[in-house]
Amino acid sequence: MLRKVTSAFLLCVCAFVAFAAAQGPASGRPSSTPEQQRDSSKIVPVKPAPLAKADVGMKIGAPIAKGNVGVTEFIMEGEVEDIQWVGSNKRSVLVLTTASNLYRSGDEGKTWRNVIDSLPALSFKGAPSGTNTVRKVKKLVVSSVDANLVFIVGQGTSHWVTKDAGRTFVAVNSVVKFHDVVMHPADKTRILASSMAAKCHDAKANGLCYKSVYATEDFGASWIKVTDYVVQFDWAHNLGSHQADSLPPTAMFATVFNKKVGNQKFGHWDKDIDFVRSDDFFKSKPTVLVPHGNRFLFTKKFLFVAQVS
């Protein structure tokens, strides 16, 4: 099992693994035995001495070349949290670290740049006064339609998108703290995102605690609130085997409370939750597909719904 190690070490491992996966077993050569595969996959985590702050971002040593494998070590602040290959040719890499920094390489990992300061400040008409931009990244979500498009989920209420694999970034027109972000599987401009009310994070806040879903059809330039008191949600077109081809592109499934009162209960089975479908972001009353349906699951051929009896 590959465990988290320091960024410099892990990037070297990933470079080798990526190369090995791309090459595959040579034609006409016997594949390795299970014992050989297990032995070759053992990686011993190494914990180096703490680095001086001035050393972060430095390239350590000249590139090492052995045969067709080239390794370049680069010191990053924090351990690697996520790695995403992006761009139309998948030659660019975005790396998110546990220190909430975002690094980018446009040449398959040969050179790196910390792009966290390239994330623009939140500035749009109607933004609440005193809105501050916190440049800390929580998650990277890459479009399955166009690998140049990435949604960068911030740790606070600031989020960003890139349409060119991280060369440039645009602040998302929202001041909502997003949790789950779901890109549309067929339309690169549509996104669903969930958020928790302030009361869920702060017991002293006014109002009630509940989960809301928002939608954008222009890749974050504008948003609408879809509905509140949501348990689970997803695009209908994420159904496998083209089962949703006859549905409009805006069709979505969700499990929602039919009584939207009080603080929302989380982690419980409840008869007041229904499995529904909406084709217009809940502008009209959604269609209840399974009364008391609390959870749903997509597989390649089926849609499963768990119902409370």
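**View 1. The structure holds twelve aromatic pairs, and this view shows one of them, F151 with W223**. This is a predicted model, in which local features need pLDDT of at least 70 and side-chain atom pairs count only at pLDDT 80 or more, while totals for chains, interfaces and linings use all residues. Residues are numbered from 1 along each chain as its sequence is written, and side-chain values use heavy atoms, with hydrogens and water left out. A pair of aromatic rings is described by the distance of the centres and the angle of the planes. Rings of Phe, Tyr and Trp (its six-membered ring) pair if their centres lie within 6.5 Å; planes under 30 degrees apart are stacked, over 60 edge-to-face, and the rest tilted. The centres of F151 and W223 are 6.4 Å apart and their planes meet at 85°, so this pair is edge-to-face. F151 sits in strand β8 (residues 150-154) and W223 in the loop between β13 (211-216) and β14 (224-227), so the pair ties together parts that are 72 residues apart in sequence. Helices (H or I, at least four residues) and strands (E, at least two) are DSSP runs, numbered from the N terminus. F151 is buried at 0% relative accessible area, and W223 is buried too, at 17%. Here buried means under 20% relative accessible area, exposed over 50%, and partly exposed in between (1.4 Å probe, protein chains only).

**View 2. F296 and F298 form a tilted pair**. Their ring centres are 5.6 Å apart, with the planes at 45°. F296 is buried at 7% relative accessibility, and F298 is buried at 18%.

**View 3. F151 and W223 also belong to a ring cluster and to the largest nonpolar core**. Ring pairs join F151, F178, Y214 and W223 into the cluster. A nonpolar core is a set of buried Ala, Val, Leu, Ile, Met, Phe, Trp, Tyr and Cys residues joined through side-chain atoms within 4.5 Å. The largest one has 15 residues, and those with the most contacts inside it are F151, F178, V181, I191 and W223. Two or more residues each come from β8, β11 (178-183) and β12 (191-196), and β11 gives the largest share, three residues. Leaving out residues up to four places away in sequence, V181 touches V141, F151, V153, I191, L192 and A193, where contact means heavy atoms within 4.5 Å.

**View 4. C200 and C209 form a disulfide**. A search of the whole structure finds one such link, defined as a pair of cysteine sulfur atoms within 2.5 Å. The sulfur atoms of C200 and C209 are 2.0 Å apart, and with 110° about the S-S bond the link is right-handed. C200 is partly exposed, with a relative accessible area of 26%, whereas C209 is buried at 12%.

**View 5. L149 lies in the loop between β7 (137-142) and β8**. At 6% relative accessibility, L149 is buried. The C-alpha atoms of L149 and M183, 34 residues apart along the chain, are separated by 10.0 Å.

**View 6. S100 is found in the loop between β4 (92-97) and β5 (102-105)**. S100 is buried, with a relative accessible area of 6%. Setting aside neighbours within four places in sequence, S100 is in contact with I116, R135, K136, V137 and Q155.
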